[in-house]
Amino acid sequence: MPFKIEARREMSRRLLFASPLLALVLTVLTGFVLFAAMGHDPVAALYHFGIAPLLSLYGLSELMVKAAPLILIGVGLAVGFRANVWNIGAEGQLTLGAVAAGGVGLMFWGEEGFWVLPLMCGAAVAAGMAYAAIPAFLKTRFEVNEILTSLMLTYVGTLFLSALVYGPLKDPAGFNFPQSRMFTDSALLPIVLEGTRLHAGTVVVILVAAAAWVLMSFTIVGFQIRVLGQAPAAARYAGFHRKRLIWLCLLLSGGLAGLAGAFEVAGPIGQLIPVITPGYGFTAIIVAFLGRLHPLGIVLSGLLIALSYIGGENAQVEVGLPQAVTGVFQGLLLFFLLGSDFLVRYRVRMRARPIMRPT
Amino acid sequence: MNPESAVLVMLTVMSAATPLLFAALGELVTEKAGVLNLGVEGMMLAGAVSGFAVTVTSGSATLGILCAALGGAAMALAFGVLTLTLAANQVATGLALTIFGVGLSALAGSGFVGMPVMPLPKLAVPGLSDIPVFGPLVFGHDALVYLALLATGGIGWFLAHTRAGLILRAVGESHESAHAIGYSVIRVRYLAVLFGGTMSGLGGAFMSLSYTPMWAEEMTAGRGWIALALVVFASWRPGRVLLGAYLFGGVTILQLHAQGVGGLGIPSQVLSMLPYLATIAVLTIIAAGPWRGRLDAPACLGQAFRPPK
Amino acid sequence: MAAGDVEFGEGQTSATTGLSGTGSVTGRADSHAADNPPRLEVCGLSKAFPGILASDRVDLRVAPGEIHALLGENGAGKSTLVRMIYGVLQPDAGEILWDGRAVRIGDPRAARSLGIALVFQHFALFEAMTVLENIALGMDQPGERAALAERVRVLSAGYGLALDPRRDVHGLSVGERQRIEVVRCLLQNPRLLIMDEPTSVLTPQEIERLFETLRQVAREGCSILYISHKLDEIKTLCDRATILRGGRVVAECDPAAESARSLAQLMIGAELKTVKRRTGGELGGLRLTVDGLDLDTEDLHGMDLRGVSFSVRAGEIFGIAGVAGNGQRELEFALSGERWAGRDDAVLVDGQPAGHLDAGGRRRLGLGCVPEGRRGHGAVPTMDLIENAILSGHGPMGLLSSIFIKGGAARRFAEDVLTAFDVRAAGPKASAGSLSGGNLQKFIVGREILQSPGVLIVSQPTWGVDAGAAAAIHQALADLAAAGAAVIVISQDLDELLEITDRLAVIDRGILSRPIATAQASIEEIGLLMGGIHGPAGVSTGPGDSGHAV
């Protein structure tokens, strides 16, 4: 073999940050080939997919609107992933949060009052946490794998929402469509930028990301979470409590996913409908990894992935690309990222006779 | 319930169990070699869409099934390159495989939504298939149902009685020991991962060619994840995978029938939750029960290995 | 303080000082030339790893039927050489000759087909499988199951290596596990049997039995390459010895003609240091009391602790000897607080009940611990040394203000550890994983000692650590005791315990023997205790130490 692969003694920090960029380049190149193979002009398709949405204020505001739930959920998931707690049921927790927020909003339908919105958000966080508490309980009490339980609960949550909007929460004046009444103003997030859908929730998202950064980088709690993920035996040696940390990770990620659900129904949607998310809960997994599980990185990766949603819609309208291209791009990006990370941990060098003295 | 409808229920239970059986058996072999591939759902979807598309375009179900197996294996190959050659995290890569599989199958299948396809032909043995009860139960299925049952026995025999099976288990038990003795851990794992992908692909093909002969986005509806749970439920034994798959097939059919008879006043969505809730219940019982034995899980499950050179 | 000084052994070494130093005897051009080619000849074999030349132009010759020792410190390059001969690693340069012909050994299978067999130091076994399956996996043509089982029975009886092919490995003792490896090798009629540190986990009595088997194998014409750093064994067993240091051959000699001390100096390359200890001094009050400690193992292959009782005073170093897997791990956890002891008062630190405190709680009482595992247990390899200093030091060293980490204080603490314990690292931002085994252990020991613990639990303090670091660690433990701490050393290395402890006890199948004063202990007595023979009459307290229960 002309090449030799060896483990690095230190992870390359430079490549740790370069690797997402490399993955992005590879994804774009693959997209180029893919578009060409599908019979589209790849340059035009990529333009409509990745650049055109950024050229208008409205496009930029939409980017923020789509990025908000992704960042919010991604930040929460990343905290858990750092501890090797794999909550992949954020989609379900988001749904439950949306149901709780929507339930409160509908309960006080027509009421004026500044307290309605905070109450909705509080209910959503509580619902997301409660839903994530199920895998947390099963994991800490019986060692049941949280990946499978949180995922199964996602299907249950989606069916639950569907049962509600087809049943008790259906708009009595809605021509039998499966959707609730539209929320009244007190249950809707204020718009930050006139003429767009940019709502106050996005500001909260930025604050949450900053708080998560402080938590993970400067406090003993974040330190404990990182130790638990990287060396569980060392965490026990240090006297850190594994079960408490698992609870913390799941409640935190569940609560934030629930809050994202509230922002969706009280923001861009404004009512309860059977499908309130285009898979934000799952896509946030990609966002978390692409952002290197770092809250500030996740802000950037959330924006990038949001672009793939808007770009997908735009490209569908402009050049007739199927909507599913978005999912393919997101999957490819994560694939390439996981592959590029090999270079962070290993070094590929040409084979040569070593001329070295023992130290 | 009269005998005819009881037979009919049994037939549908077997039908509902078969995709789970395929996927879970494949994952069992993969996990026995020490690799945790969480991308079963993605591989099943790849199999479902390639099986359907090829069958519709070529008119040959055999060719379709073959391509479904290849589609699943191709997805597994991507997983293998990342986790085995590039030593990426198996959990993250498995999740990526599922996300990618959902997107890719939706893209590839966008032109096939709503198209009809002839369901796989049922075996018809003159005389035998007409025996009441026994006839349709034993001789009334399509080829994939039999293939899944054969695979159960075959895999059980392979793992317990062949040298290759012994080596596969050894690699999952201790990759360091296996490497030190001189086995190629990576090669064995590649083969196991590819086999898992092939089986998931076949499970997907059964979904789109027999169980509900059509293509729809995310039509596997979490069956890949249930298959993963089945492997745990079965404590990595093929015979128990069969039992588990038929149990889950039963739950699925039960709730469908309950919906059919008006659902006893329960909303259909709540009944549809049953298989997912049953999965959680079963996982909890397995984990909490007095019979839990940690020896069952391959000791190196989920751990990356790179041979020192 | 006088007790803290390192005293160089003087006077005792005058006869052999000529052998020490760097460029010394590189003798293979001696009487060894013969008409018959050697069974194995290795010429100029080199192998480099990132940052280290593990094998540097090594030459080695093993004659037919010879028991040849490969002697060297941890890190001298023995295992690298062996793995190249067995085809696990490929050399960067050099040549291997087999019966006088150059061969390329691409993988272990190729080695086996030549007739080379290897008994691994850390056994290459599969816990959840039977003895027979394990043996079949190590053979290229195991044949039919029943026939193989019969061959195993016949062969193991012939060499006195009792073994039941039907049993699962996870229930077997270490000695029995080694027998599996030996039988697996002998079944293939090897012409060269390599034994990599075979005795590090055996009792003295098991070692004696192994030697008888090896002599029998050699008489039958098989060459044996015997890797060890234990000088007495090599003097007893081996015909020739090749000595490695720093990846290079420094001497070849007849071990019987050398003294243990001269061999040691060749191996270490410097004069031996002896730890200077206070002797006969006054001990202080009780610092650690363990009383009737019971603990069920949580490990599938672990050992339950039953009625463990002992106490350690201020200024004392207390040793716990025993063969691996007899409850050392459980005891370490029960003392450090990683697991709760059964009763709150089963563990008393300075008179305070600590049995129901976690590791953090016990650290607040002044109990520190250096665990057996370094990478991933005592330190997080992927984190830098500042973070690793925070790991156990955040409480005692006051590195927190409410929940926030004081970055500056943490960095200063890490730097203090690096300076005080001479840890070779690229600085406090270097990752723990980038340190060598010895330097990482010095860092962990230093981190614990700088927290001034009243009680320190140390498990396998010098395992896999080079001689210089081992001496520094021993001295640091002695100084800590001299300053009034109680030090508990759990070790499989009897020589180490005999050198540094005041009293020691033996743990066997989860039961701790009565403590004996180290000065009065004999190797034989300790050996019997390790093999499960308690009491002067040689009464076995367990179900027999032959371990062959069917």
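## Exercises on a predicted model

In this predicted model, 36 residues of chain A are in contact with 36 residues of chain B.

**Exercise 1.** Describe the side of chain A that touches chain B by its helices and by its residue classes.

*Solution.* Start with the helices: helix 5 (116–142), helix 6 (146–166), helix 11 (280–290) and helix 13 (325–340) of chain A each supply at least two residues of that side. Then sort the residues of this side of chain A: 26 are nonpolar, eight polar and two charged.

**Exercise 2.** Work out which strands stand at the edges of the open six-stranded sheet in chain C, and why one side of each is left without a neighbour.

*Solution.* Write down the strand order of the sheet in chain C, 7-8-9-4-10-11, with mixed pairing. Strand 7 (116–119) and strand 11 each have a single partner strand, so each has one side with no neighbour in the sheet. Next, check the two edge pairings. Strand 7 of chain C pairs with strand 8 (residues 192–196) in the parallel sense over four bridges, and C:V119 has C:M195 as its bridge partner.

**Exercise 3.** Is strand 11 (residues 248–253) of chain C mostly covered or mostly open? Examine also its hairpin with strand 10 of chain C.

*Solution.* Count the buried residues: six of the six in strand 11 of chain C, which is therefore mostly covered, a residue being buried if 20 or more other C-beta atoms lie within 10 Å of its own. Then inspect the hairpin: two residues lie between the strands, and C:G246 takes a positive phi near 55°.

Note on methods:
Residues numbered from 1 in each chain as written. Chains lettered and ligands numbered in written order. Predicted model: local features only at pLDDT ≥ 70, side-chain atom pairs only at ≥ 80, totals over all residues. Buried ≥ 20, exposed ≤ 12 C-beta atoms within 10 Å, placed from the backbone. Pairing = 2+ DSSP bridges. Contact = placed C-beta atoms within 7 Å. Nonpolar A, V, L, I, M, F, W, Y, C, P; charged D, E, K, R; others polar.
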